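Hi,

Here is the structure I promised to pass on. Please open it alongside this email, and my notes follow below.

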Amino acid sequence: MNDSSVVLNSSSFGLTSEEAGSLLTKFGKNEILDNSRSSLLQILLRQVKKNFIIYLLFVSVIISFIVGKDLTAYVISAVIFLVITVGFIQEYRAEKAISSLKKMLMPTSIVIRSGKEMEVPTEFLVPGDLVILGSGERIPADCLLVSGVEVRVDESTLTGEAKEVKKKSYEAGEYLEENLLLMGTFLVSGRARVKVLHTGMNTRFGKIASLITTAEKELPLQDKINKISKYMSVIAIVIAILTGALMMARAESLNIEVLINILILVIALAVSAFPEGFPVVLITSLATGAANMAKQNAIVNRMSIIETLGETTVICCDKTGTLTRGEMTVKKVFLGDNFLEVSGSGFEGKGQFLFKNEIVDPLKNYDLNLLLQSAVLCNDSRIERTGEDMEYKIIGTPTEGALKVLGAKAEIFSENLGERISEMPFSSARKMMSVLIKSNKGFQIFAKGAPEVILEKCTFCLRNGKVIKLSSEEKKQILLATSSLTQQAYRSLAIAFKEEANERREYREDGLIFLGLLGLEDPPREEVAEALLLCESAGIKVKMITGDHKETAVSIGQQIGLTGKVIEGEEIDKLTDEEFSAILPRVVIFARVRPEHKLRIVKLLKNLGEIVTMTGDGVNDAPALKEAHIGVAMGKNGTDVSRSVADLTLKDDNFATIVLAIKEGRGIFNNIRKFVSYQLSCNFAELFILFIGVLLAPFFGWPVPLLLALHILFMNLVTDELPAITLGFNPTSPDIMREKPRQKADILNKPLMVLIWFNGLLMGISTLAVYFVSFNLLGQTIEIARTQALVTLIIVEIVSAFNFRSFRNKVFNRSLLVNKYLFVASIISILATLIILYTKANIAFETVALKPLDWIIVIIPALLLVIIYDILKEYSFRTKTLLHEIH
């Protein structure tokens, strides 16, 4: 194909700009563009552009310089610097965490270099590389099909058309569209050997990308946070203006200095109540939570699902590799009329074949030898010695790897047996695969698959080296043997072969000779039983969905504690949606299901109001993963197709990891609620103090304002922001999985709204009370009373942060270091407060050094606040009301 035949606009592929942009978001623009993490300067500029309060403060600086208040101007300038710095650090950390996540699942490709197959990161592919692709893999570059059988590609990502496209091997001359496999598309069937033509920006996918700029999608949580910020900003501005208007109305004279002071105070008050830190804290919390999930082997592909994780009510999961260990080992061989035992476990090539405790030599037993040859030849996996004794590394699926290891126990390896001429690949619809092999014995066809499928293809069977007619009695005996294996929780595979007269690439899979059955053991994961109990306490229902036999599924279910109604795929086919929906809540195990059954199950569960998490690893699982609220793909044994549509990828393919991710998701949402409600209550307290203080001033003879503009800005930065940010890092509560799933909950529910008002009032009244005691009862100067009020508000805000760590556990019963970040932030806030009291900074902030008696008056409200909350938490625990309602 000439370069001139490459069209350089997205519309030629049937895509709008929005669709192409979505395509880039889906696959990660960083794979084809130099889209590294934002530079430090870019983050800094973003902080300045999007932070509205910086503009307000900048206006205050200019006004202060104009009227000769240079010291105030310099202090506000320092505040501006600190606001930008805090935002910069938070966003930089978030970007760094997100960038680290993207690197955790780097795509790899199998290439042939120097005549040897090797696995390399996809980004290191170069034109001319020979790449081996299997069903379900994403095409890593624009490639030329060199060889392959039944190669079909899903090009919908580029063309917009959902139909599969059949590709043909390139033979000679100018290559055509049917010879090309394009980057970003998926191989949905067959195996292919391809030659890399173009990579990166030189691919068609890259050329589309160069014409499009994409914006990050806004998260649902971010939208909720923005709405809260919007409402709070309006309230803050209204109250700030009212406060300023009251001060002007009650001023003895309105000269320029008084007006400037009022204006700066109004700006400071608006700034203090403006929750500018919400978006940054939100992204930081999500990124930190996602990083914590990654440490537990759950990679978040889309940040928006963290909110949905905590709402999960049903988990639909595969059996093999998810509930079980995924380390297949052949333990039994059915040969003729007898079962042979196979010793050894895992992927170790040591083991013996035993019949009634007598060793059977596979090199001398013709039937066993041929069966083992068939098992390693009809196989797409590879095994490599790890260098540790006879331990092997599997490249391919665990099932096929187990067959290669079985052959290794008899020193039978596919490389020594013949050359593959053609194949009919495995698919979930066919439930079998076969290959045409050329060896020194001529041409032979080898097949493996589900026993019932292989038996339908067989006309003969092998007995003691002789080929005999496969009678109905023989078939019955084989099916009984299959049933015996499944009842013992073994996965069963049938093996068959036949001689082929000549080389025909499009051969027929009939008239096969049945060789025997293999029983593969895949024990349950030890941690699954505990994870299932955790799901039960959390109100999450778990359903096993497997293609295995009913007996195998039930046996595994009993071992892990998953029992209940069982239904098979054939029964599902006979039910209408209404009938199926009626029994669906009671069904726990789905056996012998096909991918289309998974999709139907997800849809009906959603119709029943469930929040569904679905696992999948195959090409045909993609529709169900996409349909589910949370699609979970397998990182070890999953396909690129499933991972491309999934929201979450498990690096260890472990069911327990899903439960840990749900727990983490609940914890993140709870922390978001905590920092939002805490900061809003602090903002409300500051508005309450200044507004009510102006109202009460004539009655108590108070000079106004009670707190100065610099005091408000200081608190906003040091005592509001720092503790609020650290509440986002609160460790997940141990009892969080004892609660039922929340249903589409808002960040602020009714109990939280009450708590915000209640806490704000307590802090506001405490501060006003201290001011009253100091100024009116003790007759102290305005400077001392104002300083005591300032310190009181700072201390009660810090104490409130500790109250908000948990809405159930009392402060006096927990270590201060439960959230070490909050502890450090509190120390920093206290030290900063001491600096503005006991150093020359008190000149700028118009504060004075407090004496021991002054500190006692300040600390009493803080202690009372802790006692009030601990009493409330105890009452709530006993009555299951009030704070207990806040999850």
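**What I found**

Buried residues make up 55% of the 887 in the chain. Please keep in mind that this is a predicted model. The chain has 28 helices and 28 strands. Among contacts with a separation of 6 or more, 71% are between residues 24 or more positions apart.

**H24 and H25**

Start with helix H24, residues 750–777, and helix H25, residues 782–803. Their axes lie 8 Å apart, and the packing angle is about 155 degrees. Angles over 145 degrees count as roughly antiparallel, so H24 is roughly antiparallel to H25. The crossing of the two is right-handed.

Which residues of H24 meet H25? They are Asn759, Met763, Ser766, Thr767, Val770, Tyr771, Ser774 and Phe775. On the H25 side, the contact includes Ile782, Ile784, Ala785, Leu793 and Val796. Arg786 and Glu797 of H25 are also among the residues in this contact. By class, the contact of H24 with H25 has 10 nonpolar, 7 polar and 2 charged residues.

H25 itself has 22 residues. From its first C-alpha to its last, H25 reaches 31 Å. That is close to the 32 Å expected at 1.5 Å a residue. Is H25 enclosed or open, and how many of its residues are buried? The count is 20 of the 22, so H25 is largely enclosed by the rest of the structure.

**Phe772**

Phe772 sits in helix H24. Its relative accessibility is 28%, so Phe772 counts as partly exposed. Leaving out residues up to four places away in sequence, Phe772 touches Phe700, Trp702 and Leu777. Phe700 is 72 residues from Phe772 along the chain, yet their C-alpha atoms are separated by 8.1 Å.

**H11 and H12**

The other pair is helix H11, residues 366–377, with helix H12, residues 398–409. Their axes come within 8 Å and cross at roughly 140 degrees. That angle makes H11 oblique to H12. H11 passes H12 in a left-handed crossing.

From H11, the contact uses Leu372, Ala375 and Val376. From H12, the contact uses Leu403, Lys404, Leu406 and Gly407. By class, that gives 5 nonpolar, 1 polar and 1 charged residues.

Best wishes

Technical notes:
Residues are numbered from 1 along each chain as its sequence is written. This is a predicted model: local features need pLDDT of at least 70, side-chain atom pairs count only at pLDDT 80 or more; totals for chains, interfaces and linings use all residues. Side-chain values use heavy atoms; hydrogens and water are left out. Axes are lines fitted to C-alpha atoms, for helices over the stretch in contact, and angles run from 0 to 180 degrees between N-to-C directions. Helices (H or I, at least four residues) and strands (E, at least two) are DSSP runs, numbered from the N terminus. Angles under 35 degrees count as roughly parallel, over 145 as roughly antiparallel, 65 to 115 as roughly perpendicular and the rest as oblique. A crossing is left-handed if the near helix is turned anticlockwise from the far one by less than a right angle, and right-handed if clockwise. Contact means heavy atoms within 4.5 Å. Ala, Val, Leu, Ile, Met, Phe, Trp, Tyr, Cys and Pro count as nonpolar, Asp, Glu, Lys and Arg as charged, and the others, Gly among them, as polar. The expected span of a helix is 1.5 Å times one less than its number of residues. Buried means under 20% relative accessible area, exposed over 50%, partly exposed in between (1.4 Å probe, protein chains only).
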